[in-house]
Amino acid sequence: MGMIKTVAQAWKIPELRSKILYTLMMLLIFRIGSNIPVPNINRAALAELFTGETGLFDLFDLFSGGSFSNFTIFALSITPYITASIIVQLLTMAFPYFENLAKQGVEGRKKMAQITRYMTVVLAVVQAIGLTVGLFRRAIIDTDVFSIIVVILVLTAGTAFLMWLGEKINDNGIGNGISLLIFAGIVDRIPSAIRSLATQYTSGNMSLITIILLLVAAVLVIAGVVLIQEGTRKVPVQYAKRVVGRKMYGGQSTHIPIKVNQSGVIPIIFALSLLQFPLTITYFTAADSGFTTFVTKYLSPNGNPGVWIYATLNIVLIIFFTYFYNQITFNPVEVADNLKANGGFIPGIRPGKATSDYLQKVTSRITVVGAVFLAAIATLPTILSTLTGLSLHFGGTSLLIAVGVALETVRALENQMLMRNYQGFLK
């Protein structure tokens, strides 16, 4: 109800209303483009490519909102941009040049954004070549060089356009543009999921009690996602008083917010990429080969006992990547040094190494909760599908992204309203 109230209040403000309408218009353009097919494609051959288990391609199809399996102009989606952003973020920890850019404020961020754009186009070209020459080659009608180049250019241009679309939402709309594009693709699956449930109910394959239980489970999962996403450990920080000339600075109290789920959906994506890579390889091998038989039986979520092995490996990998990603994104030593340099300290903890050790201990304990939550939210749909035989269209990854983006967008609306309603000390 609070979310609906926030949107209703924002709609009454003309400037915010125009921003909301602009965002909706950009998302509408995205959904229209998601239904424009790539030229020179045989639709019947394309449908045959996506029958049965498609491995890692399910993840790509999730981020593209179905554009990948339909091979539309947005088939690559925004994944090249996400990959480029992660690479640039990791480079800031490995190379001094990128580390210096990250510390240069606005100009440094502009330079890093420009590098990310160039890298996105390069990655899009590479992925477009791989898909056109490899996976979708059987669905291409004319396989001459010119036709192949046209398809590659269309796919690359689609990704570049989505990147521009996301940045325009950032500049003139509400929320994070890239996240909203992924959100729109996920939400677009809701009507098909409802239609599937209705079909199963009318055909007698699903009872009304089962549907009610599914809805209750979905509400509980969403509530859990909100609770963990919003969960934050506030580490108190006190700044010492100091006199500079005739003025006294410091003395205020604040806190360091450490989120329960700092890594978001990244560990789930990494774990899925590793686990479904063998399934993707089987897509290019013979159906009766020994490798395909082994992977289908022991490493597939549709196999027996593969589903239990898959679920166990998924839990282990998600917990591992959660710790790994948190270690990369949150540096207790750097935070402790910054506190010490600015006269800040945690009450009862000595500045310096003792502070970094304390922050490391707090982060490790909180990460346990976040890692277990991510593992449960990602594995539960697979186990439920196996035990009940139901096809769950919305997995934990979809819900985590959708709820996270919704909370982030509402928070952006609240910040915008706060800035416009705040009058300050001077009138």
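# Group meeting: salt bridges, helix packing and a surface patch

Let me open inside helix α17, residues 353-388. Aspartate 357 and lysine 353 sit four residues apart there, so about one helical turn separates them. These two form a salt bridge, and their closest N and O atoms are 2.9 Å apart. By salt bridge I mean a Lys or Arg side-chain nitrogen within 4 Å of an Asp or Glu carboxyl oxygen.

Before going on, the ground rules. This is a predicted model, in which local features need pLDDT of at least 70 and side-chain atom pairs count only at pLDDT 80 or more, while totals for chains, interfaces and linings use all residues. Residues are numbered from 1 along each chain as its sequence is written, and side-chain values use heavy atoms, leaving out hydrogens and water.

Now, how exposed is that pair? Lysine 353 has 61% relative accessibility, so it counts as exposed. Aspartate 357 has 40%, so it counts as partly exposed.

The overall picture next. The protein chain has 18 helices and five strands. Both are DSSP runs numbered from the N terminus: H or I over at least four residues for helices, E over at least two for strands. Of the 427 residues, 41% are buried. The accessible surface comes to about 23,000 Å², and 66% of that belongs to carbon and sulfur atoms. Those areas are from the Shrake-Rupley method with a 1.4 Å probe; for residues, only the protein chains shown count as cover.

Contacts, meaning heavy atoms within 4.5 Å. Take the contacts between residues at least 6 apart in sequence: 71% of them join residues at least 24 apart.

Back to charge. Side chains of opposite charge can pair when their charged atoms come close. How many salt bridges does the rule give? The count is four. Glutamate 167 pairs with arginine 117, with closest N and O atoms 2.8 Å apart. Glutamate 167 is in helix α9 and arginine 117 is in helix α8, residues 105-135, so this pair ties together parts 50 residues apart in sequence. Arginine 117 is partly exposed, because its relative accessibility is 32%.

Another one: arginine 411 with glutamate 230, closest N and O atoms 2.4 Å apart. Arginine 411 lies in helix α18, residues 396-421, and glutamate 230 in helix α12, so the parts tied together are 181 residues apart in sequence. Both partners count as partly exposed: arginine 411 at 33%, glutamate 230 at 40%.

Helix packing. Two packed helices are described by the angle between their axes and the distance between the axes. Look at α2, residues 14-33, and α9, residues 145-172. Their axes come within 9 Å and cross at roughly 170 degrees. Axes here are lines fitted to C-alpha atoms, for helices over the stretch in contact; angles run from 0 to 180 degrees between N-to-C directions. Therefore α2 and α9 are roughly antiparallel. The cut-offs: under 35 degrees is roughly parallel, over 145 roughly antiparallel, 65 to 115 roughly perpendicular, and the rest oblique. On the α2 side, the residues in contact include Tyr22, Met26 and Phe30. On the α9 side, Phe161, Leu165 and Ile169 are among them.

Which residues make the nonpolar surface patch? Tyr201, Leu208, Ile212, Val216 and Leu220, covering about 490 Å². Patches take residues with over 30% relative accessible area and no salt bridge; like charges are joined within 9 Å, nonpolar side chains (Val, Leu, Ile, Met, Phe, Trp, Tyr) within 5 Å. Helix α12, residues 208-230, gives the most, with four residues. Leucine 220 lies in that helix, and at 61% relative accessibility leucine 220 counts as exposed.

For contrast, go back to helix α17 and find threonine 367. Its relative accessibility is 1%, so threonine 367 counts as buried. Leaving out residues up to four places away in sequence, threonine 367 touches Thr322, Tyr323 and Asn326.

Last item, backbone. Most residues other than glycine have a negative phi. Asparagine 40 has a positive phi of about 70 degrees. Asparagine 40 is in the loop between α2 and α3, partly exposed at 21%. Serine 77 also has a positive phi, near 55 degrees. Serine 77 sits in the loop between α5 and α6, and is buried at 3%.

Terms used. Buried means under 20% relative accessible area, exposed over 50%, partly exposed in between (1.4 Å probe, protein chains only).
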